[in-house]
Amino acid sequence: MEGDDCSFPPDSSDDHSQRGSVASSATLSRAQDVLIYLFGESAVHLSVEGLGSVTVQELGRSVREALNVPEAAQDAFAFWLCSPLLDLQLKARHQPYKLCRQWQDLLYRFTLASEEDISLDEPFLQFRRNVFYPKSKELQIDDEGVLRLLYEEARSNILSGRYPCDPEHWTGLGALSLALEEGTGLDDTHFTTTVREKKLSSFVPAHVAMGSGGLFSTLRGKSSRQAGLEQNLLEAYRKISTSAGNAPEPTQLLHQYLNTCHMLPYYGCAFFMGEIDKPVQGILQRGKRKAVNVGICLEGVYVMDVKEKHVLLGLRFNELSWDHSYPEEEGDSHILWLEFDGEEDGTPVNKLLKIYSKQAELMSGFIEFCVELKSASEGGAAAEMDGEVSSQQPAGQDGSSKNGRGGRRGMLRRQSSVLCSRVHSLNTISYVDNGKEIKRLKPKRAASFFARQPSAAAYSAVQVTESLEQG
């Protein structure tokens, strides 16, 4: 997420930190050691004068020079303040040391962490992919050092499950990782030895390598499952080894890895934490919620199940309207609202999904900024294409810069892939276009909900009544 203009308090536990990247010396005018972390457990060590007032822009020049990042790719990366509780992408004018001075304030504002966890949390400064860098530009990068930085970040997100993917994806990606680390000349015996020494979780997502767990899985199914994963990985590795007469260059393998990741619509997203209501299946289950990750990028918004590692809802910006609301009473939640087309018993309806999160305001602002960036970049091209776009694109795939919602798109389909939306599993508010509610649900929503995104008259707001019930 993009950092705001708040300034952040050096943590009093700097002396005990293992990842302290911002010095806390009282004499900030002297040169201070600063560690800028990269993915892959490496870091750039800098000696910085005037640490208390140094900006991200100034640090960026030093880090890019140390990493030999070419000028053409300098916008591919940004500085992030990160911790297990919160990630913030910083702007060029931000001063990392000052931002750290109010880190705890930001945790209280944007997380539900306990006071103890907040008091122990400490951010570190990381140099990683700029969420606003277009994938189309990334495809043009040929510098091996830059590609490796992007690869390490993508690989981390694949292995941690932050980027949900199907078996054909993570098997191919795991084989590419092995080829990058060990070359393409391993025979079957050395392949098996290498995979087992480095552990399977170094090449496939952790939740895949570990399986579903449980006593039965541990006693009977674990070894056979891992043998099957190793065999699939071996077959994918063989394809890489035999795909060309000569061993592929590292840049070729890196491009293949990143190109595969580009097939995932949420590649490059900024991620936010939230919860959604579980579908009501009985009186005893009312009020239960499910933890989700909300990924937002230049393409759209993606809601992912934290536990099951699959997409629940994926919407491009021309497929949604959005808003956020603040708590009205003590105990209420901050909410991000996503509105999209759906179907209820064969009837086309509008659906509202509630995402409970103290980061709802951040997410709403982030969506708005992405829409503005996308509109600005596509405005000229859309004006040139004019009527040609509307005549060639399917209904609802409007390429105009207004992010309009006139015209109904095809329904989101339920499929077996983890990439496909599972609208059927969502607890949403549904209502038809003319305002007649199919399900009467709280909370109250005013007509201004749709004011954020101009749309055709086909859409009308939820009609608020006193008889609304939670369902």
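Modeller: Two strands pair if DSSP finds at least two bridges between them. Strands (E, at least two residues) and helices (H or I, at least four) are DSSP runs, numbered from the N terminus. This is a predicted model, in which local features need pLDDT of at least 70 and side-chain atom pairs count only at pLDDT 80 or more, while totals for chains, interfaces and linings use all residues. Residues are numbered from 1 along each chain as its sequence is written, and side-chain values use heavy atoms, with hydrogens and water left out.

Biologist: What makes S10 and S11 a pair?

Modeller: Five bridges join strand S10 (residues 321-325) to S11 in the antiparallel sense. At least two are required, so the two strands pair. The bridge partner of His324 in S11 is Leu336. Leu336 in turn has Ile355 of S12 as a bridge partner.

Biologist: How do you know that S12 pairs with S11 and with S13?

Modeller: Ten bridges join strand S11 (residues 335-344) to S12, and these strands run antiparallel. S12 and strand S13 (residues 429-431) share three bridges, also in the antiparallel sense; here Leu352 has Ile429 as its partner in S13. In the hairpin of S11 and S12, two residues lie between the strands, and Asp345 takes a positive phi near 55 degrees.

Biologist: Why is S10 called mostly covered?

Modeller: A residue is buried when its relative accessible area is under 20% (exposed is over 50%, partly exposed in between; 1.4 Å probe, protein chains only). Five of the five residues of S10 are buried, so the strand is called mostly covered. Ser321, Asp323 and Ser325 point one way, and Trp322 and His324 the other way. In a regular strand the side chains alternate between the two faces of the sheet.

Biologist: How many residues of S12 are buried?

Modeller: In strand S12 (residues 347-356), eight of the ten residues are buried. Of the 471 residues of the protein, 47% count as buried.

Biologist: How many helices and strands does the protein have?

Modeller: The protein has 13 helices and 13 strands.
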